Amino acid sequence: MTRAKFILPITLASTLVLTACTDPAYVNSDDPYDKTKQGALIGGLVGAITGAVASDDKAKGAVIGGAVGAGAGALIGNQLDKQEADLRRDLNNDDVQITNTGDRLIVTLPQDILFATDSSTVRSDLQRDLRSVAGNLMAYPNSTIQIIGHTDNEGDAGYNQSLSERRADAVADVLLDAGVPFSRVQTYGRGEDQPIASNLTSEGRAQNRRVEIVILPNA
């Protein structure tokens, strides 16, 4: 089979797997192993593509790569399922949103509960929740943590960018002070550039003012 002929099935497979992972019709929210299965699918697909590209025998390389990738993906998915459950138990805060995508966890903290207006000092009552997150991160040490600050679009864009950076750093400082190794933590400010809701309403702007803690398992 030529390279061109082999790439087409892989492309079709990629589309089908990604559709299955994102289409609500394929997601069983009652299945406790749903994210583990998604991790296996994603890992298998990536492994198949990598194996095919790296091997002189494309079909054999895809099979071997897919099997290895599926196993690694399932392990990551299973770890994220457990870590998510522990986070929900330890935080027990309805204002904090935890999203498991199958290859990462995203902990979204509204800035309105973290900071006073225009402040980058974490409120004392929320430091306890952040320390719970830190304990969880240390219990699951095989990951990189990205802390990303976001704002709404009110005010000067340059000021919003700086504020988002300072707030991400402030959250990182609490995690570091609680024992999370510096080498695992990365901070970013996105300012007003990545809204998740409309800035035309007060409710939308409140959703856009947030800090995300993204937990990325290491391969």
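Mentor: Helices are DSSP runs of H or I with at least four residues, strands are runs of E with at least two, and both are numbered from the N terminus. Helix 7, for example, covers residues 202-208 and contains Arg205. The model is predicted: local features need pLDDT of at least 70, side-chain atom pairs count only at pLDDT 80 or more, and totals for chains, interfaces and linings use all residues. Residues are numbered from 1 along each chain as its sequence is written, and side-chain values use heavy atoms, with hydrogens and water left out.

Trainee: Why does Arg205 count as buried?

Mentor: Buried means under 20% relative accessible area, exposed over 50%, and partly exposed in between (1.4 Å probe, protein chains only). Arg205 has 18% relative accessibility, so it counts as buried.

Trainee: What does Arg205 touch?

Mentor: Leaving aside residues up to four places away in sequence, Arg205 is in contact (heavy atoms within 4.5 Å) with Asp152, Asn153, Glu154, Ser198, Asn199 and Leu200.

Trainee: What makes strand 2 and strand 5 a pair?

Mentor: Two strands pair if DSSP finds at least two bridges between them. Strand 2 (residues 105-110) and strand 5 (residues 210-217) are joined by six bridges and run antiparallel, so they pair.

Trainee: How many bridges link strand 1 to strand 2?

Mentor: Four bridges link strand 1 and strand 2, in the antiparallel sense. Ile98 stands opposite Val107 of strand 2. The hairpin of these two strands has four residues between them, and there Gly102 takes a positive phi near 100°.

Trainee: In what order do the strands form the sheet?

Mentor: Five strands form an open sheet in the order 1-2-5-3-4, with mixed pairing. Strand 1 (97-100) and strand 4 (185-189) are the edge strands, each pairing on one side only. From one strand to the next, the twist averages 15°. Helix 6 (residues 157-177) packs on the sheet and touches strand 3 (143-150), strand 4 and strand 5. The direction of helix 6 makes about 160° with that of strand 4; such angles run from 0 to 180 degrees between N-to-C directions, with axes fitted to C-alpha atoms, for helices over the stretch in contact.

Trainee: What makes strand 2 mostly covered?

Mentor: Five of the six residues of strand 2 are buried.
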